[in-house]
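Dear colleague,

I am handing over the structure below, and after it I set out what was found. Please read the notes with the coordinates open beside them.

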Amino acid sequence: MKENLAVIFGGVSCEHDISIISAIQAIKNIDTNFYNIIPIYITKSGVMLTGKKLIELSTFSNMNYKKFKPVTFVSGSNNLYLKSLFGYTKKQIINVALVIMHGENGEDGKIMSMLSLCGIPYSACDQMQSAICMDKCVFKDYLKGLKINTVSGLTVFDYDYLTNPEKVKKQVLKQLNYPVILKPATLGSSIGIKIANNESELEAGLVVAFNYCNKVLIESYLSDITEINVALLGFNNDVTISETEQPVKQNDILTFDNKYMGNSSAGMANLKRIIPADMSAEIVEEVKQTALKIFNSLSLKGVVRFDFIVDNKTNKVYVNELNTIPGSLAFYLFNPIDITYKQLINKLIKFAYIAHDNEQKLIKTFNSSVLDKTNIGSGLKK
């Protein structure tokens, strides 16, 4: 009997459209001999919809929301609920979920929290791991604790900058010097990223970044670098390290257009890249082992992509960021080591079930008599 596999994508995120592309790519590679595909598309306003035509990319070119059925999940139930004139009614059981939501409200762990409350196994990292990795500032602090190299940087909150902009600008000069690179803390796909060579460009960059996030990571800008990425697929001690890639950028930074606009239907697979990365064996091994150390330290799950940068002047390797739901699920990095996209998805589902079963074995509640012996009203004035 086939399992009902929900593919959840879209969402209230600046990376909404990229999520659609990644999801459709994945859907085309799901083994339908074993799974009934239940597409669950979340609109930019947060409404969940389902319908058979949501598995086709052409559907989203001129989207007619009225053609699709509003659905939702309910805490404590692994059913998908259909909205009707009489409220919500059970539509079907969801056995497992493939989460392909990039950016906020998905990759940051919020959707995983909902699935956990419903008791539905899911393919991505859990809510805590996702939140740590999504926030560039928090992730940088975590790496410092592991004594792993990251580029010098500082965190700026919008309320601090609005209250005392001069103090923030002096702090940048004191700790970093120009040029610097500004990154909204919880965004991906290079959205909102700016390079500042002076104070006026810093001010302009902060205005842009604060439109997307109330927290901004400012780092020293290294101009002479090589980027190298690697993906890991696994859970617990069953981890596969992909081939490495060297993205080819056409600007000072790898932009949204570099990544996606050459052939939008290809998603991250569109990016011009060198596979394997044209780097020394020593650097490649350092990248792979550092990624594995972080993966194990955080007990990550599913497929994740690590982005590194190498300072060409010193050959020093820095962790740049970690994507817990990478574009196109980084399938193109596993093909060179003979893992097909279909096999990758099968492994994701397998890990989802194992992690869920492990979680169910843990004690989650504790019975006590504390409520029977507590008098809330005692000591209160009449």
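In this predicted model, Pro276 sits in the loop that runs between β14 (273-274) and α9 (281-297), and the peptide bond that joins Ile275 to Pro276 is cis, with omega at about -5°. A cis peptide bond also joins Tyr178 and Pro179, where omega is about 0°, and Pro179 belongs to the loop between α6 (165-175) and β9 (180-184). These bonds may deserve a look, since most peptide bonds are trans.

The loop between α6 and β9 also holds Asn177, which has a positive phi of about 70° although it is not a glycine. With a relative accessible area of 44%, Asn177 is partly exposed, because that value falls between the 20% and 50% cut-offs. Ser299, in the loop between α9 and β15 (301-311), likewise has a positive phi, near 50°, in a residue other than glycine, and its relative accessibility of 45% makes it partly exposed. Most residues other than glycine have a negative phi.

Turning to the fold as a whole, the protein chain contains eleven helices and 16 strands. Its radius of gyration is 22 Å, close to the 21 Å that the globule rule gives for 382 residues, so the chain is as compact as a globular protein of that length. Taken along the principal axes, the C-alpha atoms fill a box of roughly 70 × 60 × 45 Å. Buried residues account for 52% of the 382 residues, and among contacts between residues at least 6 apart in sequence, 66% join residues at least 24 apart.

Leaving aside neighbours within four places in sequence, the contacts of Ile8 include Ile40, Phe73, Leu98, Ile111 and Leu115.

Ser242 is part of strand β13 (residues 238-247), and it counts as buried because its relative accessibility is 1%, where buried means under 20%.

Note on methods: Residues numbered from 1 in each chain as written. Predicted model: local features only at pLDDT ≥ 70, side-chain atom pairs only at ≥ 80, totals over all residues. Heavy atoms only, no water. Helix = DSSP H or I, 4+ residues; strand = E, 2+ residues; numbered from the N terminus. Rg over C-alpha atoms; globule rule 2.2 N^0.38 Å. Buried < 20%, exposed > 50% of the residue type's maximum accessible area, 1.4 Å probe, protein only. Contact = heavy atoms within 4.5 Å.
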